[in-house]
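Subject: Structure for your files

Dear colleague,

Please find the sequence and structure below. My notes on what was found follow.

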Amino acid sequence: MSITATELKENLSKYLLLAESEDVFITKNGKVVAKLTNPFQNRVDIAKSLFGSVPSEITLEKSKEERLGNI
């Protein structure tokens, strides 16, 4: 999303909340001058990618056995 610096000043709290889920580019005189972003976005993306990757019926012990094998 791209907004003007004036729009950011008028609605800062709105764009701070929005920046949790998407990058907000701030423009001044038609040029991008800043980017408001979530500093933990990489962690959020990694966590989202893991949802559903392990079946819910698998136990911790079973997971460890599969990962480590029979040592």
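Is Lys 35 buried, partly exposed or exposed? Lys 35 counts as partly exposed, at 47% relative accessibility; the classes are buried under 20% relative accessible area, exposed over 50%, and partly exposed in between, with a 1.4 Å probe and protein chains only.

Before the rest, the basis. This is a predicted model, in which local features need pLDDT of at least 70 and side-chain atom pairs count only at pLDDT 80 or more, while totals for chains, interfaces and linings use all residues. Residues are numbered from 1 along each chain as its sequence is written, and side-chain values use heavy atoms, with hydrogens and water left out.

The sheet

Three strands make up an open sheet in the order S1-S2-S3, with mixed pairing. Strands (E, at least two residues) and helices (H or I, at least four residues) are DSSP runs numbered from the N terminus, and two strands pair if DSSP finds at least two bridges between them. Strand S1 (2-4) and strand S3 (31-36) are at the edges with a single partner strand each, so one side of each has no neighbour in the sheet. On average, neighbouring strands of this sheet are turned by 35° against each other, direction ignored; the axes are lines fitted to C-alpha atoms, for helices over the stretch in contact, and angles run from 0 to 180 degrees between N-to-C directions.

S1 and S2 are parallel, paired over three bridges, and Ile 3 has Ile 26 in S2 as its bridge partner. Strand S2 (residues 24-28) runs antiparallel to S3, joined by five bridges. On that side, Val 24 is opposite Leu 36 in S3.

The hairpin

S2 and S3 form a hairpin with two residues between them. Asn 29, in the loop between S2 and S3, has a phi near 55°, which is a positive value in a residue other than glycine. Asn 29 is exposed, with a relative accessible area of 75%.

The salt bridge

The count comes to one salt bridge, defined as a side-chain nitrogen of Lys or Arg within 4 Å of a carboxyl oxygen of Asp or Glu. It is formed by the side chains of Lys 35 and Asp 23, at 3.8 Å from N to O. The pair links distant parts of the chain, 12 residues apart: Lys 35 is in strand S3, and Asp 23 is in the loop between helix H2 (12-18) and S2. Asp 23 counts as partly exposed, at 28% relative accessibility.

Regards
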